[in-house]
Amino acid sequence: MNRLSSIVCASVLLAGTAVLATPAVEPTTRQDQPIFRSSVRTVPIYATVIDGGGRLVPGLEQTDFTLLDNGKPADVTLFSNESQPFSAVVMLDTSASMTANLKLLNRAAEQFLLRLLPVDRAQVGAFNDKIQLSGTFTNNRDELIGALNDLYFGNPTRLNDGIAAGLDALKGLDGRRVVLVFTDGEDTASRTGFKTVLERARDEEVMVYSIGLESEYFNGQRVVKSRPSRDLRKISDETGGGYFELLKTADLAPTFTRVAQELRSQYLIGFAPVALDGKVHKLDVKVNRPGMTVRARKSYLAAPDVKS
């Protein structure tokens with residue numbers, strides 16, 4: 001394992017239910033683990049590597065990766081293959097179409113919260129005709145699970161506003177920041193446009209994970225089939241998170257578990273941009289091993305300071 005003088009990393013693997021043949025290992029960690037800081041502008045990239053069977057690939061080294069900035073090779077100045085702490089906002093769609101499945105959704109979200117470590121922090125929230133957040137970041141899993149039961153439900157789906165609220169909550173926090181959003185439908189009432197949310201997530205260097213569910217519900221007149229917004233895949237692809245589209249509610253809990261596993265298994269790759277020109281640069285991360293694919297953020301804003 002690589003160790004960096006500027007990072008003290010917790011060596012952890014996710015405990016709990018195995019998903020997609022990923023083994024469960026009891027985690028260990030340190031509560032006094034510091035967050036990476038540098039006086040030089042370093043662009044952090046969190047990369048998820050999977051093999052041909054969809055299994056997470058641990059133990060790769062810096063030499064296994066190639067990084068391109070606007071198509072040109074970039075020198076990696078920061079690398080870790082150990083788990084990094086994170087701050088997460090879990091935003092759940094509690095609109096009318098989810099009424100029959102809210103308890104099931106809450107139990108699924110619990111699977112993510114139960115896998116938080118002492119170095120992690122989270123909030124939970126909901127979006128419908130209102131936006132709701134639990135209020136403070138905490139690593140108290142019982143408190144977070146209890147907050148799930150206090151989430152309201154309503155009719156419209158303010159998906160974009162929900163993601164924006166997650167970004168607002170993460171402002172000013174150090175380290176890896178994540179919005180995990182779930183919905184079964186399209187945005188119907190947001191005041192914030194999707195382009196604005198997408199650009200904010202990119203520029204503020206927040207990773208967005210999305211879970212979409214196809215569902216059927218009675219709207220008072222007839223049975224309606226809903227499909228999750230296509231924008232979810234776009235924002236997840238752009239920011240390096242994962243997108244999971246589900247056809248049945250039975251897959252909810254394993255998918256929330258999978259997200260937690262991925263966050264525990266990501267590689268931290270950093271580089272110092274040659275030119276801070278204030279423009280959006282394309283990023284391309286590749287793994288130099290056959291049969292493996294990598295998922296990571298696709299761009300960054302080449303500015304001295306990110307908008308966070």
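Okay, let's start with a pair of residues: R264 is buried, and D120 is buried too. By buried I mean under 20% relative accessible area, with a 1.4 Å probe and protein chains only. This is a predicted model, where local features need pLDDT of at least 70, side-chain atom pairs count only at pLDDT 80 or more, and totals for chains, interfaces and linings use all residues. Residues are numbered from 1 along each chain as its sequence is written, and side-chain values use heavy atoms, with hydrogens and water left out.

So what do R264 and D120 form? A salt bridge, with the closest N and O atoms 1.9 Å apart. The cut-off for a salt bridge is a side-chain nitrogen of Lys or Arg within 4 Å of a carboxyl oxygen of Asp or Glu. This pair links distant parts of the chain, 144 residues apart: R264 sits in helix α6 (residues 252-264), and D120 in the loop between α1 (102-113) and β6 (121-127). Helices here are DSSP runs of H or I, at least four residues, and strands are runs of E, at least two, numbered from the N terminus.

How many salt bridges does the structure hold? There are 17. Among them, D161 and R158 meet at 2.8 Å, N to O, and both are buried. D203 and R202 pair up at 2.7 Å, again both buried.

That last pair belongs to helix α4 (residues 194-203), where F194, V197, R200 and A201 are buried as well. The buried residues of α4 pack against α3 (159-170), β9 (207-213), α5 (231-239), β14 (280-287) and β16 (299-301), contact being heavy atoms within 4.5 Å.

Just past α4, E205 has a positive phi of about 60 degrees. E205 is also linked with R41 and R297 in a salt-bridge network.

How values were computed. Buried means under 20% relative accessible area, exposed over 50%, partly exposed in between (1.4 Å probe, protein chains only).
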